[in-house]
Amino acid sequence: MLNRRSLLLASLAAGVTTDTTAVRAKAAQPATPVDFDVPAGACDCHTHIHGDPEKFPFFAGRVYTPEPASPEEMAALHKALHIQRVVIVTPSVYGTDNSATLFGMKARGNDARGVAVIDDKTTEGQLDAMNADGFRGIRLNLATGGINDPSVGRARFQAAVDRMKARGWHVQLYTNTPMIAAIKDLVLQSPVPAVFDHFGGAQAALGLEQPGFGDLVELVRSGKAYVKISGAYRASTRGPDYPDVIPFAKTLIEANPDRIVWGTDWPHPDSSAHPELKVTDVRPYYQIDDGRLMNQLPVWAPDAAIRKKILVDNPARLYGF
């Protein structure tokens with residue numbers, strides 16, 4: 001049976017409409033209350049802001065077009081989840097324009113940090129200004145662009161490290177486990193932390209022995225890498241509780257609880273391949289219940305002291321809260 005998202009995508013593919021007001025499925029808000037005590041200073045370490053396209057135009061080279069997701073909607077999300085702090089990550093749809101991310105950060109003041117996307121044209125002066133504004137890292141989005149060539153991944157990671165080592169920012173990567181295996185030696189040598197998005201791109205259906213996941217665990221154990229246990233729906237199709245993600249979360253946490261952070265991945269954009277759609281077709285968000293998703297954290301980390309590390313202490317160290 002077609003769900004609401006499928007119907008919207010089918011309508012877009014059929015050319016029924018690309019009018020955002022017609023298809024607007026607002027960014028998800030929690031339907032389930034959080035069922036555990038969230039420690040003060042908790043941080044959602046992976047979110048995005050998609051501003052009004054008139055004010056924050058999308059990058060012409062993007063591979064998809066999301067719906068708007070505002071700072072006000074994000075604030076409502078975090079009020080429901082009892083989360084004080086946030087890390088806003090510049091999504092691929094903006095290229096190297098970090099202004100929408102900064103817009104979201106300013107709405108949250110000192111409780112926000114940012115992760116930017118840069119290129120060779122980004123000056124040191126611009127990076128200094130970003131640092132003053134609260135940016136603390138840069139992101140290499142290899143997955144959305146379909147970059148799987150190890151030589152490309154290694155070159156981009158090393159260039160990012162060389163650029164960041166003087167200022168102590170981290171390098172965040174959205175990639176897959178085979179790529180992690182390919183850059184493992186560079187991560188171990190890096191003078192700045194690597195931060196891997198969304199379980200390192202592991203796929204639950206492939207099991208703990210899938211190529212590269214063991215390398216990710218070793219990097220976490222070494223202390224040279226952080227992992228975001230975020231976006232469980234990207235690792236699993238067994239929603240809404242994603243039971244097959246449990247062994248992955250537990251394995252990473254057990255490897256080194258001081259190198260794990262958590263995030264919603266709100267507003268849950270759909271960046272997957274849809275050959276039937278044009279790049280300019282506005283895609284509805286995945287409608288994820290972030291309250292129910294957050295309630296998996298005590299399943300993954302039953303110890304409240306470990307959860308405080310994941311939600312408060314580790315983000316404070318990594319992002320400088």
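Colleague: I'd like to start with a single residue. Where is Tyr242?

Modeller: Tyr242 is in the loop between H9 and H10. Keep in mind as we go that this is a predicted model.

Colleague: What is the value of phi at Tyr242?

Modeller: The general idea comes before the case: most residues other than glycine have a negative phi. Tyr242 has a positive one, near 50 degrees, and it isn't a glycine.

Colleague: Is Tyr242 buried or exposed?

Modeller: To answer that you need the cut-off: buried means under 20% relative accessible area. Tyr242 counts as buried because its relative accessibility is 7%.

Colleague: Now peptide bonds. What kind of bond joins Trp266 and Pro267?

Modeller: Again the general idea comes before the case: most peptide bonds are trans. The bond joining Trp266 and Pro267 is cis, with omega about 10 degrees. Pro267 belongs to the loop between strand E9 (260-263) and strand E10 (282-283).

Colleague: And what is the bond from Gly239 to Pro240?

Modeller: That one is cis too, with omega near 10 degrees. Look for Pro240 in the loop between helix H9 (232-235) and H10.

Colleague: Let's do rings. How many aromatic pairs are there?

Modeller: When reading a pair, you ask how far apart the centres are and how the planes are angled; planes over 60 degrees apart count as edge-to-face. The count here comes to 6 aromatic pairs. One of them is Phe213 with Phe248, 5.0 Å from centre to centre and with 75 degrees between the planes, which makes the pair edge-to-face. Phe213 belongs to helix H8 (residues 213-222) and Phe248 to helix H10 (residues 246-255), so the pair links distant parts of the chain, 35 residues apart. Both Phe213 and Phe248 are buried.

Colleague: Which residue lies over the face of Trp169?

Modeller: Arg167 does, at 5.6 Å from the ring centre.

Colleague: How do I read two helices that meet? At what angle do the axes of H7 and H8 cross?

Modeller: Helix H7 (residues 177-189) and H8 have axes that come within 8 Å and cross at roughly 30 degrees. Their crossing is left-handed. On the H7 side the contact includes Thr177, Ile180, Ala181 and Lys184, while H8 brings residues including Phe213, Asp215, Leu216 and Glu218. Sorted by class, this contact has 7 nonpolar, 2 polar and 3 charged residues.

Colleague: Is Lys184 buried or exposed?

Modeller: Lys184, in helix H7, counts as buried because its relative accessibility is 17%. Leaving out residues up to four places away in sequence, Lys184 touches Asp215, Glu218 and Leu219.

Colleague: And which residues does Leu216 touch?

Modeller: Leu216 lies in helix H8. Leaving out residues up to four places away in sequence, Leu216 touches Ile180, Phe196, Phe199, Gly200, Val227 and Leu252. Take Val227: it is 11 residues from Leu216 along the chain, and their C-alpha atoms are separated by 8.5 Å. Leu216 counts as buried because its relative accessible area is 0%.

Colleague: Which handedness does the crossing of H6 and H7 have?

Modeller: Right-handed. The axes of helix H6 (residues 150-164) and H7 come within 9 Å and cross at roughly 35 degrees. Among the residues that meet are Pro150, Arg154 and Phe157 from H6, and Met179, Ile183 and Leu186 from H7. By class, the H6 contact with H7 has 7 nonpolar, 2 polar and 2 charged residues.

Colleague: One more helix. Which residues of H4 are buried?

Modeller: In helix H4 (residues 99-108), they are Ala100, Thr101, Leu102, Gly104, Met105 and Arg108. The next step is to ask what covers them.

Note on methods: Residues numbered from 1 in each chain as written. Predicted model: local features only at pLDDT ≥ 70, side-chain atom pairs only at ≥ 80, totals over all residues. Heavy atoms only, no water. Phe/Tyr/Trp six-rings, centres within 6.5 Å; stacked < 30°, edge-to-face > 60°. Helix = DSSP H or I, 4+ residues; strand = E, 2+ residues; numbered from the N terminus. Buried < 20%, exposed > 50% of the residue type's maximum accessible area, 1.4 Å probe, protein only. Lys NZ or Arg CZ within 6 Å of the ring centre and 35° of its normal. Axes fitted to C-alpha atoms, helices over the stretch in contact; angles between N-to-C directions. Left-handed = near helix turned anticlockwise from the far one by under 90°. Contact = heavy atoms within 4.5 Å. Nonpolar A, V, L, I, M, F, W, Y, C, P; charged D, E, K, R; others polar.
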